[in-house]
Amino acid sequence: MSKLARTVSDFLASRPQYTRDIGKLQAYIDTVIDWEAAHGLVLRAPKLDDSTSTAEWLKAALVPAPVALAPSPIPRSEFEKVVALQPALNTLFDRISQDHEFLSATLESLGTSDEFTARVYDMYLKQRALGIRKPGVIGIHRSDYLIDAPESGSHGPRAKQVEFNTIAASFASLSSIVGDLHRYLLDRTGFAGILDAGTISKDQLPENESLTSIGDGIAAGFGLYGRNDAIVVMVVQPGERNVYDQRWVESRLWEKHGIRVVRLTFADILEQCVVGPDNRLFLGEEEVAVAYYRSGYAPTDFPSEREWEGRWLVEKSRAISVPNLAYHLSGCKKIQQVLAQPGVVERFVSDRGTAELVRECFVGLYPLDDSQEGKQAYEDALADPTKFVVKPQREGGGYNSYGEDIPRLLGRISEEERRGYILMDLIRAPGFRNVLLRNGQLVASEVVSELGIYGIWVSDADGNVVVNRHGGHLLRTKASDVYEGGVAAGFAVIDSPLLV
Ligand code: ADP
Ligand code: MG
C-alpha cells in the first residue's frame with residue numbers, strides 16, 4: 001500500500017463521518033493532485049536539509065500545493081462587506097504612509113526594542129532626507145480577517161481584521177486556482193461526501209481575480225515610469241518554495257502587458273545593478289522601472305550588510321519599489337495598534353460612515369509600553385492570557401505568543417523590549433469540518449479559515465489616484481487547535497470560500 005493509501009485508510013478508520021468508500025476517496029485525492037499539477041497549483045519541494053543531494057531533491061522537484069479538499073463556509077454578507085471596504089483601506093494606508101509626523105511618532109515609540117524595524121525606518125529617513133522622488137506609488141496589499149462568532153449571540157458572525165499586509169502579500173495566484181479546483185470538483189465529483197454538495201450552487205463559489213490583479217496593478221504602475229522598454233525586477237528570497245505563485249504574476253505581466261520580469265535577490269541587485277544618470281537603476285543595459293518585493297520583510301532576508309545595500313540601491317534610485325519604505329512601515333503591527341486608538345482612523349478618514357466601517361473590523365489592540373494603557377494591558381494579559389495574542393513587529397508567521405506562552409514571554413523580556421510588542425484580543429473563529437491535504441497527509445479535524453482580501457493601489461507622483469480597487473481574495477484554512485495560520489509557515493492550506 002502506498003503511503004498516501006495508508007493515510008487514506010487510517011483517515012477513514014478514524015473519521016467514519018466521511019465517505020466510507022476508500023476507493024472513492026483515493027480516486028478523489030488523485031483527481032485533486034493531478035488537477036493541481038496540470039494547472040500550476042504547485043510548490044517547489046522542500047529541500048529536506050542541507051545534506052539532501054540535488055539529485056535526490058530533484059526526484060520530487062514539485063509538490064502539489066497544500067489545499068482543502070472542499071471549500072469552507074464564509075458568511076456572504078461579511079465577505080461582501082470586506083471586499084467593498086478594501087478601497088477605503090487602501091486609501092487609509094496611503095494616507096498613513098504620507099503622514100511623516102504620525103509614522104515617525106509611532107515608530108519612534110518602539111524605542112530600541114526592534115532592530116529590524118528601526119533599520120527600515122532609518123532607511124526611510126535617509127531616503128526622505130535626500131528628497132528622492134519616484135514616478136509613482138504601487139501598493140499590493142492584503143487585509144486578513146477571521147470570522148468572530150460571539151458566544152452571546154447578540155449579533156451574527158463578524159469579520160475581524162487580523163492584520164493588514166503591505167509587503168510581499170503572497171498566494172494570490174494559487175488562491176485563484178484553488179477556486180477553480182473547487183468549482184471543478186463540485187461539477188465532477190459533488191465533493192465525494194467530504195461536503196454535502198446537494199444544496200450548493202455555483203454562485204456560492206465566487207470567481208477570484210487575484211490571479212491577474214497583482215500583475216495588472218504592477219503594469220499600471222509601470223506605465224507611470226514612462227519607459228516601455230524597461231523591466232520589472234521581482235526581488236525574491238534565495239531558496240523560495242512558493243515560486244509558481246510568483247511565476248504566475250510574471251506570466252501575467254508578460255502575456256497581457258508585454259513587460260519582462262527578472263528575478264533577483266537583494267544580494268544579486270548589489271552585484272548586478274547600478275544607479276546611473278538621473279538616479280535610474282540599471283541591470284546591465286536594461287532600465288528597471290519597478291522592483292516588486294517578495295522578500296525584505298524579515299530579518300532573515302538580510303543575513304548581511306550586502307542585502308541592506310542591495311535594497312538601498314533600489315530605494316535611492318528612481319525605480320518604484322513595491323512597497324515603498326513608508327508603505328512597508330505602515331504595515332507594522334505597532335501602526336495597527338495605534339490606529340485602533342480613539343480618533344486615529346478619523347485623522348485619516350474624514351467620512352464618518354467609512355471610518356465607522358473600518359472600526360467595525362477592529363478588535364481590541366493595546367500597547368505594551370510604559371503608558372498607563374500599556375501597564376493595564378500587561379496586567380490584563382497576565383490575568384487571563386487565554387483572551388489574547390501578543391505580537392512582535394514581525395511578518396511571515398510563527399512569531400506570535402498565545403495562552404500560557406504569554407506570561408512566559410512577558411516574564412522573560414525587559415520593559416524596554418516589551419515596547420516592541422502589542423497585545424491583541426484573541427478572535428475566536430467558529431470551527432467546522434473539512435479535510436485538508438498537506439504534504440501527502442490528510443488532516444481532518446475541526447478547522448477554521450482566515451479570509452484575505454487583496455488591495456491594489458497605484459498613484460502618480462502628484463498623488464493622483466490611478467488604481468484603487470480590491471484584487472480578489474485568499475482563504476487559508478488550518479486545524480482549529482493550531483493558533484498560527486500561515487501556509488508558507490507550515491500551518492495552513494489554501495482553500496476557497498463557500499458563501500453561505
Ligand atoms: P504574520 O505577520 O506573522 O502573518 P499575523 O498577525 O497575521 O502575523 O498572525 C499570524 C497568525 O496568527 C494569523 O494568520 C492568525 O491565524 C493568528 N492570529 C493573529 N492574530 C490573531 C487574533 N487576534 N486572534 C486569533 N488568531 C490570530
Ligand atoms: Mg499574517
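Which helix supplies the largest share of the lining of the largest cavity? In this predicted model, that share comes from helix 6, which contributes 3 residues.

**The cavity**

The count comes to 1 cavity of 30 Å³ or more. The largest cavity has a volume of about 120 Å³. Its lining consists of 14 residues, and those closest to the centre are Thr117, His328, Cys332, Gln393 and Glu395. Two helices, helix 6 (115–130) and helix 12 (325–330), each give at least two residues to this lining. Sorted by class, the lining of the largest cavity holds 6 nonpolar, 5 polar and 3 charged residues.

**A pair of helices**

Helix 7 (residues 172–189) packs with helix 8 (residues 210–225) at an angle of about 150°, and their axes lie 7 Å apart. Because angles over 145 degrees count as roughly antiparallel, helix 7 is roughly antiparallel to helix 8. On the side of helix 7, the residues in this contact are Ala172, Ser173, Ser175, Ser176 and Ile177; they meet Ser210, Leu211 and Ile214 of helix 8. The contact of helix 7 with helix 8 includes 4 nonpolar and 4 polar residues, with no charged residues.

| Setting | Nonpolar | Polar | Charged |
|---|---|---|---|
| Contact of helix 7 with helix 8 | 4 residues | 4 residues | no residues |

Methods
Residues are numbered from 1 along each chain as its sequence is written. Chains are lettered from A and ligands numbered from 1 in the order in which they are written. This is a predicted model: local features need pLDDT of at least 70, side-chain atom pairs count only at pLDDT 80 or more; totals for chains, interfaces and linings use all residues. Side-chain values use heavy atoms; hydrogens and water are left out. On a 1 Å grid over the protein atoms alone, a cavity is a set of points where a 1.4 Å probe fits but cannot get out, and a pocket is an open set with protein on both sides within 12 Å along at least five of seven lines; lining residues have an atom within 4 Å of a point. Grid points are joined across faces, edges and corners, and a volume is the space filled by probe spheres set on the points. Helices (H or I, at least four residues) and strands (E, at least two) are DSSP runs, numbered from the N terminus. Ala, Val, Leu, Ile, Met, Phe, Trp, Tyr, Cys and Pro count as nonpolar, Asp, Glu, Lys and Arg as charged, and the others, Gly among them, as polar. Axes are lines fitted to C-alpha atoms, for helices over the stretch in contact, and angles run from 0 to 180 degrees between N-to-C directions. Angles under 35 degrees count as roughly parallel, over 145 as roughly antiparallel, 65 to 115 as roughly perpendicular and the rest as oblique. Contact means heavy atoms within 4.5 Å.
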